[in-house]
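User: I have not looked at this one before. Can you walk me through it?
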Amino acid sequence: MSFIETEEQKALRQAVAAMAANYGQDYYLEKARSGQHTTELWNEAGKLGFIGVNLPEEYGGGGAGMYELSMVMEEMSAAGSALLMMVVSPAINGTIISKFGTEEQKKRWIPGIADGSITMAFAITEPDAGSNSHRITTTARRDGSDWILKGQKTFISGIDQAQAVLVVGRTEDHKTGNLKPALFVIPTDTPGLNWTKIEMEIVSPESQFQVFLDDVRLPADALVGSEDAAIAQLFAGLNPERIMGAASAVGVGRFAINKAVDYVKTRQVWKVPIGSHQGLSHPLAQNHIEVELAKLMMQKAATLYDAGDDFGAAEAANMAKYAAGEASVRAVDQAVQSLGGNGLTKEYGIAAAVTASKLARIAPVSREMILNFVAQTSLGLPRSY
Ligand SMILES: Cc1cc2nc3c(=O)[nH]c(=O)nc-3n(C[C@H](O)[C@H](O)[C@H](O)COP(=O)(O)OP(=O)(O)OC[C@H]3O[C@@H](n4cnc5c(N)ncnc54)[C@H](O)[C@@H]3O)c2cc1C
């Protein structure tokens, strides 16, 4: 791993930052508050090759890796436009299909995911399983060569704007016990697939939904990868998801710190700008250090993942997601404090980041489940559950 980004990587970072600056947080909040999607931003990012930068070139992607995709996520987020569907569509689904899909599945889905003309949601979470994915009960039974899926999912982001959803279920043969996931791509216009919106207190143009699979009939080729060995296939997508969760949080942290620094440099209530007071400058310096440290772990995770070290990437991706979540929550909190009353106004837009920053502690895997993973896997401690 080099600490120096290549000329290509630097150019990509600059190009994404320049595109995202043309939209910025005002655009993002305006769309969110009026119940619209960020279609223009999504389409432009797709057209410029940013969404599919990690996907194979032969299917229309950029042929780079998670390092580059996390860079795209970080820069968009740092500009105030952290798009959740970037975590889901190219990072989880694009990776799983391009690694384990059939030739037909790759040809059908990857070019569209890469250029943004297809958005694919991802559904693993279930109301009664929560963090314990081994308890999921969405079940696929065979009917001739077809599959019939039945179950319920919750907190599924962006299914309303997606053309398809990758659903994690289990086959009837593996209905109980430790999860042997079976992954299915379902076009969102398939009969029997329905959803209702969950009202969230997050200012976001992307919404969450309860999803109902009511005897959804699918052809044999809806199954992605093997129906048996899919835990490795699932994690091929979940490590990128954690890296992207970290990238989003690093971007939110940078965004908050920048806002606060700009403000405290000029705001003056005594003889000097308030940024001269160490009561404000030291916590912001601390926030900056924490965000930079989290970014370093995110870059390590992406580098390991791109090098094919899945085990090393899993530990680093979890640690990066944890560190970035904590750093961004603290940075946003300090940014609100630094702006005083303006920190809570709509005009300055920093209060809107408060609940959004908390998301990084909860999803895609909670702070506590990461601490469990590190305690057990890295430290060899016994589990409590
Ligand atoms: C905005 C948003 C978007 C999302 N998007 C998606 C999506 O697109 N697709 C999808 O599939 N899911 C999505 N999710 C779901 C998300 O992944 C889950 O919310 C998350 O995994 C936590 O599960 P839960 O909410 O059921 O919490 P629970 O599992 O009920 O946990 C509640 C609390 O208990 C703690 N806890 C649970 N078990 C333990 C333990 N053993 N030890 C210590 N503490 C424990 C947790 O850490 C947490 O603090 C989204 C969630 C949100 C909020």
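Predicted model: local features only at pLDDT ≥ 70, side-chain atom pairs only at ≥ 80, totals over all residues.

User: Into which domains is the protein divided?

Analyst: There is domain 1 (7-119), then domain 2 (122-225), then domain 3 (231-378).

User: What does UniProt list for residues 6-116?

Analyst: An unreviewed UniProt entry gives "domain: Acyl-CoA dehydrogenase/oxidase N-terminal" for residues 6-116. In the model that span is 71% helix and 0% strand, and its end C-alpha atoms are 26 Å apart.

User: And what does the annotation for 121-200 say?

Analyst: The unreviewed entry in UniProt has "domain: Acyl-CoA oxidase/dehydrogenase middle" there. Residues 121-200 are 0% helix and 51% strand, with 18 Å between the end C-alpha atoms.

User: Where does UniProt place the C-terminal feature?

Analyst: UniProt, again in an unreviewed entry, puts "domain: Acyl-CoA dehydrogenase/oxidase C-terminal" at residues 236-377. That stretch is 78% helix and 0% strand, and 18 Å lie between its end C-alpha atoms.

User: Back to domain 1 and domain 2. What distance separates their centres?

Analyst: Taken over C-alpha atoms, the centres of domain 1 and domain 2 are 23 Å apart. Their contact involves 24 residues of domain 1 and 17 residues of domain 2.

User: Which elements of domain 1 give two or more residues to that side?

Analyst: Helix H1 (7-33), helix H4 (84-100) and helix H5 (103-115) do. H4 provides the largest share, with 8 residues. By class, the side of domain 1 that touches domain 2 has 13 nonpolar, 8 polar and 3 charged residues.

User: OK, new topic. How many residues surround the ligand?

Analyst: The ligand is surrounded by 22 residues, and the closest are Gly-130, Ser-131, Ser-157, Ser-366 and Glu-368. The class count for this shell is 14 nonpolar, 7 polar and 1 charged.

User: Which domains does the shell draw at least three residues from?

Analyst: Domain 2 (122-225) and domain 3 (231-378) each contribute at least three residues to the shell. As for elements, strand S1 (120-123), strand S3 (146-157), helix H9 (352-362) and helix H10 (367-378) each supply at least two.

User: What sits in the loop between H9 and H10?

Analyst: Pro-364 is in that loop. The peptide bond leading from Ala-363 to Pro-364 is cis, with omega near -5°.

User: Why is Phe-155 called partly exposed?

Analyst: Because 19 other C-beta atoms lie within 10 Å of Phe-155, and a residue needs 20 or more to count as buried.

User: What about Asp-215, buried or exposed?

Analyst: Exposed, because Asp-215 has 11 C-beta neighbours inside 10 Å. Asp-215 also has a positive phi, about 50°, without being a glycine. Its place is in strand S7 (residues 208-218).

User: And Arg-33, buried or exposed?

Analyst: Arg-33 counts as exposed, because there are 12 C-beta neighbours inside 10 Å. Arg-33 belongs to helix H1. From Arg-33 to Asp-310 is 277 residues in sequence and 39 Å in space, C-alpha to C-alpha.

User: Let's go inside. How many residues does the largest nonpolar core have?

Analyst: That core has 121 residues, and those with the most contacts inside it are Val-165, Phe-184, Ile-243, Met-298, Ala-301 and Ala-320. Helix H6 (residues 230-266) supplies the largest share of this core, 15 residues.

User: What does Met-298 touch?

Analyst: Leaving out residues up to four places away in sequence, Met-298 touches Ser-70, Ile-243, Ala-246, Ala-247, Val-250, Ala-320 and Ala-324.

User: Last one: is Gly-169 buried or exposed?

Analyst: Gly-169 is buried, because it has 27 C-beta neighbours inside 10 Å. Gly-169 lies in strand S4 (residues 164-171). Its contacts, not counting residues up to four places away in sequence, include Thr-138, Leu-149, Ala-182 and Phe-184.

Definitions and conventions
Residues numbered from 1 in each chain as written. UniProt positions renumbered as here; feature names shortened; annotations may be inferred. Helix = DSSP H or I, 4+ residues; strand = E, 2+ residues; numbered from the N terminus. Near = placed C-beta within 6 Å. Nonpolar A, V, L, I, M, F, W, Y, C, P; charged D, E, K, R; others polar. Domains from an automatic or database assignment. Contact = placed C-beta atoms within 7 Å. Core = buried A, V, L, I, M, F, W, Y, C linked by C-beta atoms within 7 Å.
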